[in-house]
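Subject: A structure to look through, with notes

Dear colleague,

I am handing over the structure below, and I would ask you to keep it open while you read the notes that follow it.

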Amino acid sequence: MTIPQFLSSGWAAALFNHLWQSTCVALLAWILTLALRANPARVRYSVWMFASVKFLVPFALLASLGAQWARPVAGRLIGSALYTAADEIGQPFQQTKAAPIRDFATITHPAHLPQIVPALLLLVWLTGAAIVLARWALAWRRAASAARDAVPTFEGREVEALRRTERSASIRRPIPLLVSARAVEPGIFGIMRPVLLWPAGISEQLTDAQIEAVAAHEIEHVRRRDNLTL
């Protein structure tokens, strides 16, 4: 499919509909988490999880499922007004029949501008998403490199604190502790076989209670499988 064909097809508008709706949900989630700053972190986590799941469930799909579950009563569908409203919200950019677009210059004419706005905004959104994914991939690559160069440690205050917090969290498989000479923060790396990256020299600046608090924080990430969720 060529660029003009894509811009004039229903795919661009349908995908854009889903993305702008999900973006609005994410903005609302951000505002809500600001209002919930005094609440426990798990509350804000749940809000962001809901916003993330929205990216997987288009409003149009919910409207379609609602229509399938409707039952006729006295010649009317139950909740037909609700389904109609949901469908209108889910499809703000309705596709209409238009004459075939012969070349790209034609779609840039002002008369066709409303037709290409969703596709252009979609391209902008995808560019931003690609940048975010690239930054995430680079950060993951740096962490993987630090894990490869780190030295396993089997004794010391850090290991003892890690083992105590593992028992408290009912973690059966011991998590390796790797000491890194790089400027990294203590953190869990990996999904299937997680390891705890520990910066060299940081323990000299921490008390036993502080070390155990850091270990308990990281063990909670493992227990909740936060790397997999990410």
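Does Trp136 count as buried, partly exposed or exposed, and what is its relative accessibility? Trp136 counts as partly exposed because its relative accessibility is 42%, where buried means under 20% relative accessible area, exposed means over 50%, and partly exposed lies in between, with a 1.4 Å probe and protein chains only.

Before going further, please keep in mind that this is a predicted model, in which local features need pLDDT of at least 70 and side-chain atom pairs count only at pLDDT 80 or more, while totals for chains, interfaces and linings use all residues. Residues are numbered from 1 along each chain as its sequence is written, and side-chain values use heavy atoms, with hydrogens and water left out.

The aromatic rings

A pair of aromatic rings is described by the distance of the centres and the angle of the planes. The structure holds 2 aromatic pairs, a pair being two rings of Phe, Tyr or Trp (its six-membered ring) whose centres lie within 6.5 Å, called stacked if the planes are under 30 degrees apart, edge-to-face if over 60, and tilted for the rest. One of them joins Trp136 and Trp140, which are stacked at 5.8 Å centre to centre with 25° between the planes. Both of these residues lie in helix H7, 4 residues apart, which is about one turn of the helix; helices (H or I, at least four residues) and strands (E, at least two) are DSSP runs, numbered from the N terminus.

Phe189 is buried, because its relative accessible area is 14%. Together, Trp136, Trp140 and Phe189 form one aromatic cluster. Phe189 also has its C-alpha atom 7.7 Å from that of Asn227, although the two residues are 38 residues apart along the chain.

A further ring to look at is that of Tyr45, where Arg224 lies over the face at 4.3 Å from the ring centre; a charge sits over a ring if NZ of Lys or CZ of Arg is within 6 Å of the ring centre and within 35 degrees of the ring normal.

The pockets

The largest pocket holds about 630 Å³ of space. Here a pocket is found on a 1 Å grid over the protein atoms alone, as an open set of points where a 1.4 Å probe fits, with protein on both sides within 12 Å along at least five of seven lines, and lining residues have an atom within 4 Å of a point. Grid points are joined across faces, edges and corners, and a volume is the space filled by probe spheres set on the points.

Of the 14 residues that line this largest pocket, Ser52, Phe55, Val132, Leu133 and Leu230 are the closest to its centre. The largest share of its lining, 6 residues, comes from H7, the helix that also carries Trp136 and Trp140.

Two backbone angles

Most residues other than glycine have a negative phi. Arg225, however, has a positive phi near 60°; its place is in the loop between H9 and H10, and it is exposed, with a relative accessible area of 57%. Ser170 likewise has a positive phi, of about 60°, although it is not a glycine. Ser170 lies in the loop between H8 and strand E4 (177–180), and it counts as exposed because its relative accessibility is 60%.

With best wishes
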